[in-house]
Every structure is written in structure tokens, then in C-alpha cells.
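Me: Pick one part of this model and take me through it closely, then show me what surrounds it. Please spell out the cut-offs as you go.

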Amino acid sequence: MRWTVGFKVSRLQWSSVLAVLAVVLAALPTWASSLAAWRITRAGQLELRTSLDVRPQAFFEAGTALRGPRVWVDLPGAPSRTRSVPGSGALREVRIGRPDGFTTRLVLEFAPGTQLDPAGLKLVGTARDRWRMELPGLAIQGGTGIGEGDLDAVTRDLPIRQTNFPTATTPLSADGLPVVPRGRFKVVIDPGHGGPDPGAVGIGGLRETDVVLDVCLQMAQLLQARGVQVLMTRTSEVDVDLPPRVSLANSSGADLFVSVHANALSMARPDVNGIETFYFEGAGFKSRRLAAALQEQMLAISPGSPDRGVRTGRFFVIRRTVMPSALVEMGFVTGELDSRRLADANFRRRMALALSAGILNALQEGP
């Protein structure tokens, strides 16, 4: 065996080194765990809240005839105490361990015979402090809702928004928006793209991900001011795959789902501008009605923008969601007219108001 510094160590010497190293590590202070809260939902999802900008690592171990499969997640920092939480159904036990003084290990121990496809187990970041993993089949096999800590708490120092845009000069106010019964409705807002996927990039380097996140964060505040519960598929610049977006919506019991995007064409075609909204034809009348309500409001605050219409589409997020859904394209980041507007903070504020009004109008008519 060879140390990285390059000298040889005999087996006896190596044993002595390990013994000394164990004593040294035991004497070192532990780092505080970055795991703030965890939950396994009845729908079969592992949800985590962590410190800001940590990078958890997920692992899978197949089961044997006598022992079920295991899934575990390692996070920086060690827990103050190790413990186990009894599971239910296919989930036998959840353990919080400390493999060393620098790591928290969250272990999901399943019953023998539980079938888990490792290809479908992916830990996805939904915000700088939020993570989610789908556990296919767990709910069917008797999974139950267990957890520790407050998943909905706001992590300290988490910024409200993360865009490079200036703040709009007009204050954000829900005054004048349609009114719906408070506490009755739930809406999922899906800012398209995020993280390493900027979406379309247009004139002046205008990025779709920045535009849609800014608009969606304002939409969330406006709808919440009207008493609507809002869930967002992401709240910062993180990468979220399409299936987790749909899964979040379908497991939430939401009344409506709205995915927000900005369009693009060739940079050589700045003459192409316009607003359009899509719905999935197989979703029925309520999805088309939602799409029409959103399109009407966007056009109202975008004079001169071509009306590209309410159209059918097969985008994954509107095709696979179970509630009325629509996908909006607020304009072309490659369009001479649209890009100037989308780059303007005050226009994005008006767009957030318009989309919120469209959602509230649809809710008034019955989701």
C-alpha cells in the first residue's frame, strides 16, 4: 500500500496508523449537520430541507432474500445524535446516522421483497435548500407520511429572488385583481428551465430562465395576497427535471397548473414576436378555458404584440398533469419588440399581474 506522499507502509505499520487516526478523528469537533428537516410523504416522495447550497449525495443498495433494499443520502456535517424512526408498510425504518464526524447519513431501510428501480431514484434540487426524490411504488406498497423538522420553514438568508434584473419602480400590489374565497384554492406555478439550463437566450443575452423566475416569484406573492395557496416547482436557479415538476403538481391536490416560458427563434429573425398559450387537447374544456384566460390578460398588457393564439400542445408538463393546466409563452427573447419588454422590470411586473388575473378569473369560473 502506498500513501499519496509516496512512501511505503507495512501491514503492521498501517494498522498502527489506523488506530492513531481513529483516536485523532474521535477527538476532533463535529460539524453541525446541514440536514434541517426531512419527510417521506404518503405519495411516496422523500423531501429534504438543508442548509443553503449543499450538495447531498444519494446511494442505492439492492436487497437480498433476507434484507430489503436501502436508499441513503449523505450530507455535510454530523447530526447531534443518531436515531431511528419506525416506518410503515414497505418502508421498515428511517435511520439518521453519523458515519464520521463530518457527515449526516439518512438511511431508508425497506422490507425484503420491496422492488425499487435504481434508474428511477434521482435526488433533484427544487431550490437552494430543497431536495426531492421520487420513490416509485412506495405509496402503493403502504408508504406513510413520516418525518422530522419543519419542511416549510424558510432557511435563514434565503433570498426572495435570484435574478440579475433591477427591481421594478412600481410597488407590487394585488389591489384590483379578481377576488376568490380565501384558503379555498391551490395553484402550482412552474417557472420553466433553471440552473444549468437557461432555456432560450435572446437579444442582449436575455435568458428565459431569468425572465420566467422573476415573473413567477411575483405571481406567487400576488396570488398568496388573494388567499390562494401557491406551490412552485422551483424558487431559484436550480435544475429540475420535467417528471418531478409533474409529480409535485399531481401529488399536491392543486386546482390549476401554469407553466411559464419565453419563446425564441433565430437571432436572425427579430421580426418574429408574439404571445401564445398552450393546453393539452386531451385535458378537456377547463384547460382550454384556463389557457384562454391567461392569453387574454397577457395581450391586454402587451399592446402591439401579435396574438399567436390559444393552441393545443403536447408539452410534458401539461400532458401529464391531472388538473387543468396551461403553458404560456410571454413573448420572444429573440424578438425586437418582445425582448425589450421582457428585459424591462416594470413590464415583467405587469406580466405577473396579468397572469395572476388570468388564474384568478379561471378560479372564479370553477377549476
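**A ring pair and its strands**

Reply: Phe-315 counts as partly exposed, at 35% relative accessibility. On that scale, buried is under 20% relative accessible area, exposed is over 50% and partly exposed is in between, with a 1.4 Å probe and protein chains only. Keep in mind that this is a predicted model, where local features need pLDDT of at least 70, side-chain atom pairs count only at pLDDT 80 or more, and totals for chains, interfaces and linings use all residues. Residues are numbered from 1 along each chain as its sequence is written, and side-chain values use heavy atoms, with hydrogens and water left out.

Now for the rings themselves. A pair of aromatic rings is described by the distance of the centres and the angle of the planes. Rings of Phe, Tyr and Trp (its six-membered ring) pair if their centres lie within 6.5 Å; planes under 30 degrees apart are stacked, over 60 edge-to-face, and the rest tilted. That rule gives two aromatic pairs here. One of them is Phe-59 with Trp-72, stacked at 5.5 Å centre to centre with 20° between the planes. This pair links distant parts of the chain, as Phe-59 sits in strand 3 (residues 57-61) and Trp-72 in strand 4 (residues 70-76), 13 residues apart. Phe-59 is partly exposed at 31% relative accessible area, whereas Trp-72 is buried at 19%.

Back to Phe-315: its ring pairs edge-to-face with Phe-278, with the centres 5.1 Å apart and the planes at 80°. Phe-278 belongs to strand 14 and Phe-315 to the loop between strand 15 and helix 5 (316-319), so the pair ties together parts that are 37 residues apart in sequence. Helices (H or I, at least four residues) and strands (E, at least two) are DSSP runs, numbered from the N terminus. With a relative accessible area of 8%, Phe-278 is buried.

What do those two strands do together? Strand 14 (residues 275-279) and strand 15 (residues 307-312) run parallel and share five bridges. Between them the chain passes through helix 4 (residues 285-300), making a right-handed β-α-β crossover. Right-handed here means that, with the strands pointing away from the viewer, the path from the first strand over the helix to the second runs clockwise. Pairing needs at least two DSSP bridges between two strands. Ile-275 faces Asp-307 of strand 15 across this pairing.

Strand 14 also pairs with strand 16, this time antiparallel over three bridges, and Glu-276 stands opposite Glu-329 there. Glu-329 also has His-261 opposite it. Strand 13 (residues 256-263) runs parallel to strand 16, joined by six bridges. How buried is strand 16 (residues 325-332)? Eight of its eight residues are buried, so strand 16 is largely enclosed by the rest of the structure.

Zooming out, the chain holds seven helices and 16 strands, and 49% of its 367 residues count as buried. Of the contacts (heavy atoms within 4.5 Å) with a separation of 6 or more, 74% come from residues 24 or more positions apart. The chain exposes about 17300 Å², with carbon and sulfur atoms supplying 54% of it; these areas come from the Shrake-Rupley method with a 1.4 Å probe, and for residues only the protein chains shown count as cover.
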